[in-house]
Amino acid sequence: MSTQRQAAGAVKAGDKIGGQYAALERAQAASPTLELVDDPFADLRVPYWADGAEPITETPKIYSPGDYAFDPEATEMRVYRDECGKSIAALTVSVNPVETGALTPALIQRGRPLIADTLRDRYGATRVQFDGDTITFDLEADLHGAPEASPDMASDVLGEHTEFYRFHRETDQVTFDDSYLYSELVVDIGDGYFPDQQQIDAAKSVCAQALDGRDDIDFPQLTMIRDRGYATNAYDALSEAQKLQGRVRDHKLHLFRVTLSAELLAQDIRAKGSQLDELGM
């Protein structure tokens, strides 16, 4: 990837956490061997894209991202045709926030749903996976039916048409500017409500019933629980539930409020425990 392409990708801006439900636009790409009137990559296309171009098949062509100026978080670059016949360039990204001191194992375990959704919403990640403290996901660019591609073409397109450089910037304590992903996750996971798997369906059902016919914008945390099974602020979720309780006489909603109250108590205990740990007590 050229220095110019890398720099261009490094200055992309984006939304904060919570830009949920926002669809990420995907640029289309044409074959490097075809001259099209409407070329979606006209601003990127360079002669060297034709060098080493290979047919795109269902068997992925695998390349080393480090050979194309990607940062160490990128561990594999692939070009392949998916089951729907789309030509895809994909970049696998792998990070361990515990090794850098950004997150703790407990925070990752507790906040897995939020971490996965944030990577999808904020960076367009696919196939998010957790292996202990390591988080791995893919970033994809649609080559839109191109019959062949070179690794240079794939790397340039991935650099410009995915959020890799934004992710790199926002997870780097040295270079981040206005947003640091991990500090936001620490707050949202620490303050949030994350029911276990057995409780998620019940929490979703209670919130769906209580919010029926009401404006979601007035109850953002309960709406999040209804749609995703967790909330990023348990205190606000409790306040919203208390507000609804005066309008909806529902025994299940009352029990849900009790559950949220217990979560707030647990948060206070965790905070006190953390303070004692820092004092060596």
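**Entry 1. Around α8**

I began just after helix α8, where Gly229 takes a positive phi of about 90°. Helices (H or I, at least four residues) and strands (E, at least two) are DSSP runs, numbered from the N terminus. I then listed the buried residues of α8 (residues 220-228), which are Gln221, Leu222, Thr223, Met224, Ile225 and Arg228. Buried means under 20% relative accessible area, exposed over 50%, and partly exposed in between (1.4 Å probe, protein chains only).

I noted the ground rules here: residues are numbered from 1 along each chain as its sequence is written. This is a predicted model, in which local features need pLDDT of at least 70 and side-chain atom pairs count only at pLDDT 80 or more, while totals for chains, interfaces and linings use all residues; side-chain values use heavy atoms, with hydrogens and water left out.

**Entry 2. The whole chain**

I found 10 helices and 7 strands in the protein chain. Of its 281 residues, 46% count as buried. The chain exposes about 14300 Å², and carbon and sulfur atoms supply 51% of that area. Accessible areas come from the Shrake-Rupley method with a 1.4 Å probe; for residues, only the protein chains shown count as cover.

I also looked up contacts (heavy atoms within 4.5 Å). Among those with a separation of 6 or more, 63% join residues 24 or more positions apart.

In α6 (residues 181-191), I listed Leu181, Tyr182, Glu184, Leu185, Asp188 and Ile189 as buried. Seen down the axis of α6, these buried residues fall within an arc of 155°, so they line one face of the helix. The arc is that of the directions from the helix axis to the C-beta atoms. An α-helix has 3.6 residues a turn, so residues three or four places apart point the same way. I checked what the buried residues of α6 pack against: β4 (87-95), α2 (105-110), α3 (112-123) and α5 (164-170).

I looked for cavities and found 1 of 30 Å³ or more. On a 1 Å grid over the protein atoms alone, a cavity is a set of points where a 1.4 Å probe fits but cannot get out, and a pocket is an open set with protein on both sides within 12 Å along at least five of seven lines; lining residues have an atom within 4 Å of a point. Grid points are joined across faces, edges and corners, and a volume is the space filled by probe spheres set on the points.

The largest cavity holds about 60 Å³ of space. Its lining includes Val95, Phe137, Leu181, Tyr182 and Leu185. I noted that α3, β6 (134-142) and α6 each supply at least two lining residues. By class, this lining has 9 nonpolar, 1 polar and no charged residues. Ala, Val, Leu, Ile, Met, Phe, Trp, Tyr, Cys and Pro count as nonpolar, Asp, Glu, Lys and Arg as charged, and the others, Gly among them, as polar.

The second largest pocket holds about 210 Å³. Of its 13 lining residues, Glu73, Val95, Thr100, Thr171 and Tyr182 are the closest to its centre.

**Entry 3. Two single residues**

I found Arg127 in strand β5 (residues 126-131). Its phi is near 50°, a positive value in a residue other than glycine. Arg127 counts as partly exposed because its relative accessibility is 41%.

I placed Glu99 in the loop between β4 and α2. Glu99 counts as exposed, at 69% relative accessibility.
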